[in-house]
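Subject: Structure for your review

Dear colleague,

Please find below the structure that I am handing over to you, followed by a summary of what was found in it. I would be grateful if you would read the two side by side.

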Amino acid sequence: MITSQKGIDLIKKFEGFSDKEYICPAGKPTIGYGHVILANEYFQEPMTRRVAETLLKTDLEPRQKSLNSFLKVNINQNQFDALISLIYNIGVDNFRKSTLLKFINERLFDKVPDQFRRWRFSNGKVLKGLVNRREEEIKLWLS
């Protein structure tokens, strides 16, 4: 599966758009829709939304590949999109080791929403933005 426009729009909503480089809460240089700038990358500023969305779609490719390889059960497009939004935020390795993935692969779908909610912390503090993002991901997962 690949991320639908609905999933892309969800990520864009919560990542927000920045046409200039900034330091994200994790302390990394970032631009566009949450793209972490690598040491060998340079982007023309101000970045356009069109370029930022293209960059986001490129960033999603390895995450989609990973998610598809991790899943041992079939899920629907909305569920895939919800998981991609989560992975974009928490990282592939964190997701791979998560109880959330374990529960999905064990078909314990009733436990999935509470597992999404576990990912609302940054530096040990609950962030309202992450609470809101998780609730929208859950809503998408359940639809």
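A charge sits over a ring if NZ of Lys or CZ of Arg is within 6 Å of the ring centre and within 35 degrees of the ring normal. In this predicted model, K111 and F103 provide such a case: the charged end of K111 sits over the ring of F103, 5.3 Å from the ring centre.

Aromatic pairs

A search of the whole structure gives 4 aromatic pairs. One of them is formed by F109 and W141, with 6.1 Å centre to centre and 45 degrees between the planes, and it is tilted. This pair links distant parts of the chain, 32 residues apart: F109 belongs to the loop between helix 5 (99-105) and helix 6 (112-117), whereas W141 belongs to helix 7 (residues 128-142).

F116 and W141 are both buried. Through these ring pairs, F109, F116 and W141 are joined into a cluster.

The model has an open sheet of 3 strands in the order 1-2-3, paired antiparallel. Strand 1 (18-23) and strand 3 (35-36) are the edge strands, each pairing on one side only. Strand 1 and strand 2 (residues 29-32) run antiparallel and are joined by 3 bridges. Within this arrangement, S18 stands opposite G32 of strand 2.

The largest pocket

The largest pocket holds about 920 Å³ of space. It is lined by 30 residues, of which E15, C24, A26, Y88 and N89 are the closest to its centre. Two or more lining residues come from each of helix 1 (5-15), strand 3, helix 2 (49-70), helix 3 (77-90), strand 4 (121-122) and helix 7. Which element gives the most to this lining? Helix 7 does, with 4 residues. By residue class, the lining divides into 14 nonpolar, 8 polar and 8 charged residues.

Yours sincerely,

A colleague

Note on methods:
Residues numbered from 1 in each chain as written. Predicted model: local features only at pLDDT ≥ 70, side-chain atom pairs only at ≥ 80, totals over all residues. Heavy atoms only, no water. Phe/Tyr/Trp six-rings, centres within 6.5 Å; stacked < 30°, edge-to-face > 60°. Buried < 20%, exposed > 50% of the residue type's maximum accessible area, 1.4 Å probe, protein only. Pairing = 2+ DSSP bridges. 1 Å grid on protein atoms, 1.4 Å probe; cavity = no way out; pocket = protein on both sides within 12 Å on 5 of 7 lines; lining within 4 Å. Points joined across faces, edges and corners; volume = space filled by probe spheres on them. Nonpolar A, V, L, I, M, F, W, Y, C, P; charged D, E, K, R; others polar.
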